[in-house]
Amino acid sequence: MQPPEQADIHSESFLHSLMRRQLRLSISCAAAFLLVLLGLPLANYFLPDLMAIRVVGFTLSWLILGIGFFPAVWLIAWFFIRRSIALEDAEVSEVQRGNEESIE
């Protein structure tokens, strides 16, 4: 009798599943980035009176652009990296759990 075949973390099905989950994550992070990127011009166009308010000597649009844009992009990048690593770890642990069950 042959032992049951163990799941391989380098198999096509494993990599395909991981790539599909990371693609969903990438699309959601890209959408968030586009929202941040296009949000300021849209706010300037649709809410010109609000964006012209002076805060600490700057208009609100320049303040958001100068102070808010880069932290928002860094936050999106941080979220992407953390979730990507978590997805990889979850996939590996799932395969390892499947291997342990097939051994028993």
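Helices here are DSSP runs of type H or I with at least four residues, numbered from the N terminus. With that in hand, select leucine 50, which sits in helix α2. Its relative accessible area is 41%, so leucine 50 counts as partly exposed, the class between the 20% and 50% cut-offs.

**Whole chain**

Before going further, colour the model by confidence. This is a predicted model, and its pLDDT averages 87, with 88% of the residues scoring at least 70. Among the elements, helix α2 (residues 48-51) has the highest mean pLDDT, 96, while helix α3 (residues 60-103) has the lowest, 89. Where pLDDT is low, the predicted coordinates should not be read in detail.

Switch to a cartoon view. The protein has 3 helices and 2 strands, and along the sequence they follow the pattern α-α-β-β-α. Of contacts between residues at least 6 apart in sequence, 71% join residues at least 24 apart.

**Surface patch**

Now show the surface. The protein exposes about 8200 Å², and carbon and sulfur atoms supply 68% of that area. Helix α1 provides the largest share of the patch, 7 residues.

Hide the surface and look inside. Of the 104 residues, 17% count as buried. Select Phe14, Leu18, Leu25, Cys29, Ile76, Leu87 and Val95, the 7 residues of the largest nonpolar core. The elements giving two or more residues to this core are α1 (12-46) and α3. The largest share, 4 residues, comes from α1.

Within this core, centre on Leu25. Which residues does leucine 25 touch, leaving out those up to four places away in sequence? They are Phe79, Phe80, Arg83, Ser84 and Leu87. Of these, Leu87 is itself a member of the core.

**Glutamate 91**

For the last stop, select glutamate 91 in helix α3. Is glutamate 91 buried or exposed? Its relative accessibility is 3%, so glutamate 91 counts as buried, the cut-off being under 20%. Show its surroundings: beyond residues up to four places away in sequence, glutamate 91 touches Phe14, Ser17, Leu18 and Arg21.

Terms used:
Residues numbered from 1 in each chain as written. Predicted model: local features only at pLDDT ≥ 70, side-chain atom pairs only at ≥ 80, totals over all residues. Heavy atoms only, no water. pLDDT = per-residue confidence, 0-100. Core = buried A, V, L, I, M, F, W, Y, C linked by side-chain atoms within 4.5 Å. Buried < 20%, exposed > 50% of the residue type's maximum accessible area, 1.4 Å probe, protein only. Contact = heavy atoms within 4.5 Å. Areas by Shrake-Rupley, 256 points an atom, 1.4 Å probe, with all protein chains shown as cover.
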